[in-house]
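Subject: Handover of a structure and notes on its features

Dear colleague,

Please find below the structure that I am handing over to you. My notes on what was found in it follow.

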Amino acid sequence: MSTLKEKLYEKIEQHRPRTEKLLKKHSDVVVDQITIGQIIGGMRGVKSLVTDISYLDPNEGIRYRGYTLPEVFKKLPKAKGGEMPMVEGLIFLLLTGDIPTESEVAEVADELSKRRILPRYVYEVIDSFPCCSHPMTIFSSAIMTLQRESFFTKKYSAGISKMEYWDPTYEDALNLLAKLPEIGSYIYAKLYRDGKRIQSDPSRDFGGNFAHMMGIKPPYDDVARLHFIIHADHESGNVSAHTGHLVASSLADVYLSISAMINGLAGPLHGLANQEVLRWLQGVYDKMDGKIPSEEEMRQFVWDTLNSGQVIPGYGHAVLRKTDPRYSVQREFSLKHLKDDPLFKYVDLLYKVVPPILQEQGKAKNPWPNLDAQTGVIQWHYGVTEYDFYTVLFGIGRAIGITANIVWDRALGYPLERPKSLTTEMLEKVAKEQSAKK
Ligand code: CMX
């Protein structure tokens, strides 16, 4: 057994009694109340999920296994010759809660490397898509195609104890994660380059190999590592994470669950916002003929967008109430590597201009940028200018967090998710009764 799997097993054994105790001794303890505003308003703020993989504080941003993003970047072992940590280290951290040593990270890299080979039929499925299909549609379908490989499904059909569900789920998770860079980079080659696949290099790490298969030189390997790490998880209530968890709660395997998660990510209010940011910036760029707008001109572009009833992509968040630390980490990288890039200058100008405008407009609860406000500009700078592709990059990263969640869902025996619905009439009745009491 690998060190990762052994440690994971140890942690699962330690954790199970905590969940059992909560359920057996405290299951009637009230944690939260729910209002009609929350029921109709997309369940904002309702505390109804449990995960230990990450926690999102509205002001501080995401913590992975208790570590802030700057801590994660500082503590995880770095890739050889790079300034960013290896993605393999994050996989270890999210699954076990422990910061891995260099040799533990190398072991995960070796294990993923052995699982990378993509069956020929996946390439054929990607090849068979009609032109103009969105890369996220192809990505989701390619993952679905792999479902026949599911180890969990085979074990489940053969009959397996509930206590062991996590084991084949873990195998499916690593098998799929190892293949995602291959799938993503092939979709890119197929849609936007000459269609020729660049062979994977088993001596490289997850991010380094992805950059290699994309055909882009360093520091794009660090861009890939940075990108996958910051996109990995954002608590379990966001659309992609929640979809993955919900589908997996029916005991659908990792392939079915991650494909569903990808579909959720493909919506413009969620993962697709990073391409919307680039589309919006390009519009401004064209109108300005490539010149950097003055603050006043930029303000006007922002107001024009708002006055036409559209949102400013890359700004606002359902939970966050301050600048997203995932934005800040990317900004720091950009200031070091692409500070003279005109589009980066646009993005930085927006950081100055948008928050006061959104505050003045008074609608958005959070006027600050989220991670999508920066992502596309970095990709554009390194030659990935096909912004439809950006959400695929998001999806590769996000799959790391969601698979870790699904492995733990199975380990702790979380049941089928099934909240209760009410009719509008029932809500009206409750509202009337409560008003009469006031
Ligand atoms: N520009 C303009 N208006 C905005 C806005 C923005 N960036 N963000 C929020 N608002 C508006 C909302 O549309 C809503 O308007 P209505 O009352 O007319 O419906 C109002 O402000 C209140 O919204 P909110 O409670 O602050 O935000 P929500 O939780 O409903 O939505 C989000 C959150 C992200 C969908 C929203 O901020 C948005 O549309 N942002 C732009 C798209 C974006 O960047 N999405 C990426 C999010 C990151 C991720 O994927 O996790």
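A residue is called buried here when its relative accessible area is under 20%. Please bear in mind throughout that this is a predicted model.

By that cut-off, helix H18, which spans residues 372-381, is mostly covered, with 8 of its 10 residues buried. The buried residues in H18 are Asp372, Ala373, Gln374, Thr375, Gly376, Val377, Ile378 and Gln379. They pack against several other helices, namely H11, H14 (273-287), H16, H17 and H19 (390-411). After H18 comes Gly383, which has a positive phi near 100 degrees.

H16 covers residues 325-337 and H17 covers residues 342-361; their axes come within 12 Å and cross at roughly 135 degrees. H16 is therefore oblique to H17, since an angle counts as roughly antiparallel only when it is over 145 degrees. The crossing of the two helices is left-handed. On the H16 side, the contact is made by Tyr327, Arg331, Ser334 and Leu335, and on the H17 side by Phe344, Val347, Asp348 and Tyr351. By type, the residues of this contact comprise 5 nonpolar, 1 polar and 2 charged.

I turn next to the backbone. Most residues other than glycine have a negative phi, and most peptide bonds are trans. The following places depart from that pattern.

- Arg65 is not a glycine, yet its phi is positive, at about 50 degrees. Arg65 sits in the loop between strand E2 (61-64) and strand E3 (67-68). Arg65 counts as buried because its relative accessible area is 19%, and the cut-off is under 20%.
- Glu235 is likewise a residue other than glycine with a positive phi, in this case near 65 degrees. Glu235 is found in the loop between H11 and helix H12 (239-248).
- Pro218 and Pro219 are joined by a cis peptide bond, with omega about 10 degrees. Pro219 belongs to the loop between helix H10 (206-214) and helix H11 (220-230).

With kind regards

Methods
Residues are numbered from 1 along each chain as its sequence is written. This is a predicted model: local features need pLDDT of at least 70, side-chain atom pairs count only at pLDDT 80 or more; totals for chains, interfaces and linings use all residues. Side-chain values use heavy atoms; hydrogens and water are left out. Helices (H or I, at least four residues) and strands (E, at least two) are DSSP runs, numbered from the N terminus. Buried means under 20% relative accessible area, exposed over 50%, partly exposed in between (1.4 Å probe, protein chains only). Axes are lines fitted to C-alpha atoms, for helices over the stretch in contact, and angles run from 0 to 180 degrees between N-to-C directions. Angles under 35 degrees count as roughly parallel, over 145 as roughly antiparallel, 65 to 115 as roughly perpendicular and the rest as oblique. A crossing is left-handed if the near helix is turned anticlockwise from the far one by less than a right angle, and right-handed if clockwise. Contact means heavy atoms within 4.5 Å. Ala, Val, Leu, Ile, Met, Phe, Trp, Tyr, Cys and Pro count as nonpolar, Asp, Glu, Lys and Arg as charged, and the others, Gly among them, as polar.
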